[in-house]
Amino acid sequence: MSESFRSAEGRPIVGADTAEDIGEVKGFVVDTTASRVEAIHVSGRGRKAELIAWDDIQSFGNDAVIARSSDASSQVDGDHDTQAVKGNITMRDARVLTTLGFDVGAVEDATFDADSGE
């Protein structure tokens, strides 16, 4: 099942073990070398941001995201994650250039597989 980043933002995240509300999808950290979602940004900003690793997601549904446990979120670890949650690394609104360097527009949204994160 394909999901778009824009439509997933704001979706609640719930822990499977307690059915507690963990937060909501604020954004995504993407591993561009592996072409997949690495983590979901849950709350906070900068180094105080909370992320849930994609491997800790049990299911990504239309109504909610289910994390394996209610304590799955952890603070940002590393410069890449920090820059991503600060908005310094983003796919949306990035310029799209031809191989000759001509500007042809900007990325409005991106999709990913809700099962694999690819």
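Predicted model: local features only at pLDDT ≥ 70, side-chain atom pairs only at ≥ 80, totals over all residues.

A patch of negative charge on the surface is formed by Asp 17, Glu 20, Asp 21, Glu 24 and Asp 71. One of the patch members, Asp 21, belongs to strand β3, which covers residues 21-24. Asp 21 counts as exposed because its relative accessibility is 59%, and exposed means over 50%.

Ser 73 sits in the loop that links β8 (65-67) with β9 (74-75). With a relative accessibility of 24%, Ser 73 is classed as partly exposed, since that class lies between the buried limit of under 20% and the exposed limit of over 50%. When neighbours within four places in sequence are left aside, Ser 73 is in contact with Glu 50, Leu 51 and Ile 52. For Leu 51, the C-alpha to C-alpha distance to Ser 73 is 5.2 Å, at a sequence separation of 22 residues.

The two residues with accessibility values are set out below.

| Residue | Relative accessibility | Class |
|---|---|---|
| Asp 21 | 59% | exposed |
| Ser 73 | 24% | partly exposed |

At the level of the chain, there are two helices and twelve strands. Their order from the N terminus is β-α-β-β-β-β-β-β-β-β-α-β-β-β. The chain has 118 residues, and 36% of them count as buried. Its accessible surface is about 6900 Å², with 45% of that area belonging to carbon and sulfur atoms. Among contacts with a separation of 6 or more, 48% are between residues 24 or more positions apart.

Note on methods: Residues numbered from 1 in each chain as written. Heavy atoms only, no water. Patch = residues over 30% accessible without salt bridge, like charges linked within 9 Å, V, L, I, M, F, W, Y side chains within 5 Å. Areas by Shrake-Rupley, 256 points an atom, 1.4 Å probe, with all protein chains shown as cover. Salt bridge = Lys/Arg side-chain N within 4 Å of Asp/Glu carboxyl O. Lys, Arg positive; Asp, Glu negative; His and termini not counted. Charge placed at Lys NZ, Arg CZ, Asp CG, Glu CD. Helix = DSSP H or I, 4+ residues; strand = E, 2+ residues; numbered from the N terminus. Buried < 20%, exposed > 50% of the residue type's maximum accessible area, 1.4 Å probe, protein only. Contact = heavy atoms within 4.5 Å.
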